[in-house]
Amino acid sequence: PAAAARRGTFVLAGGAEQRSAAAAPVRAGGVPPEAMREKVRFVMAAMQARMQDLGFGWKDAAAVRAYTVHDIGALAGPEIAAMGAAQDGLHWHLARPPVVGLEFEMDVRTVAREVLL
């Protein structure tokens with residue numbers, strides 16, 4: 001709780017590679033490495049902007065979780081950690097985002113107290 005209190009509390013969920021509800025996803029249908037890199041970059045930028053809107057940044061994030069069935073191992077260092085987003089680690093869930101057609105989703109948070117049952 002003390003570390004979270006210094007950082008503040010926020011929860012950002014469901015950032016994916018879709019610009020808007022009416023727009024096609026970034027590199028729709030593409031999952032080769034360069035397409036995944038573009039998707040990750042887009043989501044990272046979107047999550048950073050959302051955090052900034054709330055007065056936070058990557059340094060404030062205690063939990064960063066990625067959801068994809070595609071191999072993002074090569075992107076974890078240069079695209080995620082390099083942004084400062086993995087200071088407390090990156091949780092990669094081998095799972096599809098809940099929206100059909102999306103390939104990469106991320107959530108970011110810091111909470112003062114988390115209880116898991």
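Colleague: Quick one to start. Where does Arg27 lie?

Modeller: Arg27 lies in the loop between β1 and α2. Keep in mind that this is a predicted model.

Colleague: What is phi of Arg27 near?

Modeller: Phi of Arg27 is near 50 degrees. That is a positive value in a residue other than glycine. Most residues other than glycine have a negative phi.

Colleague: And why does Arg27 count as partly exposed?

Modeller: Its relative accessible area is 34%. Buried means under 20% and exposed means over 50%, so Arg27 falls in between.

Colleague: Let's move to the sheet. What is the strand order?

Modeller: The order is β1-β4-β2-β3. This is an open sheet of four strands, and the pairing is mixed.

Colleague: Which are the edge strands?

Modeller: The edge strands are β1, residues 10-16, and β3, residues 90-94. Each of them pairs on one side only. From one strand to the next, the twist averages 15 degrees.

Colleague: How many bridges join β2 to β4?

Modeller: Five, and these strands run antiparallel. Here Tyr67 stands opposite Glu105 in β4.

Colleague: And β2 with β3, parallel or antiparallel?

Modeller: Parallel, again with five bridges. The bridge partner of Val64 in β3 is Leu90.

Colleague: Now pick a residue in β4 for me. Where is Val108 found?

Modeller: Val108 is found in strand β4.

Colleague: Is Val108 buried or exposed?

Modeller: Val108 counts as buried because its relative accessibility is 0%.

Colleague: What is Val108 in contact with?

Modeller: Leave aside its neighbours within four places in sequence. Then the contacts of Val108 include Phe10, Val11, Leu12, Met47, Met51 and Trp58. Ala61, Ala63 and Val64 are also in contact with Val108.

Colleague: How many residues apart are Val108 and Leu90 in sequence?

Modeller: They are 18 residues apart in sequence. In space, the two are 10.0 Å apart, C-alpha to C-alpha.

Colleague: What about Asp107? Buried or exposed?

Modeller: Asp107 lies in strand β4. With a relative accessible area of 14%, Asp107 is buried. The cut-off for buried is under 20%.

Colleague: Which residues is Asp107 in contact with?

Modeller: Setting aside neighbours within four places in sequence, the contacts include Leu12, Ala13, Gly14 and Met47. Also among them are Ala63, Val64, Arg65 and Tyr67.

Colleague: And what separates Asp107 from Gly29?

Modeller: Their C-alpha atoms are separated by 22 Å. Along the chain, Asp107 and Gly29 are 78 residues apart.

Colleague: Last topic, the surface. Which residues form the nonpolar patch?

Modeller: Val69, Trp92 and Leu94 form a nonpolar patch there. Together they have about 300 Å² of accessible area.

Colleague: Where does Val69 lie?

Modeller: Val69 lies in the loop between β2 and α3, residues 73-80 for the helix.

Colleague: Why does Val69 count as partly exposed?

Modeller: Because its relative accessibility is 34%.

Methods:
Residues are numbered from 1 along each chain as its sequence is written. This is a predicted model: local features need pLDDT of at least 70, side-chain atom pairs count only at pLDDT 80 or more; totals for chains, interfaces and linings use all residues. Side-chain values use heavy atoms; hydrogens and water are left out. Two strands pair if DSSP finds at least two bridges between them. Helices (H or I, at least four residues) and strands (E, at least two) are DSSP runs, numbered from the N terminus. Axes are lines fitted to C-alpha atoms, for helices over the stretch in contact, and angles run from 0 to 180 degrees between N-to-C directions. Patches are made of residues with over 30% relative accessible area and no salt bridge: like charges are joined within 9 Å, nonpolar side chains (Val, Leu, Ile, Met, Phe, Trp, Tyr) within 5 Å. Accessible areas come from the Shrake-Rupley method with a 1.4 Å probe; for residues, only the protein chains shown count as cover. A salt bridge is a side-chain nitrogen of Lys or Arg within 4 Å of a carboxyl oxygen of Asp or Glu. Buried means under 20% relative accessible area, exposed over 50%, partly exposed in between (1.4 Å probe, protein chains only). Contact means heavy atoms within 4.5 Å.
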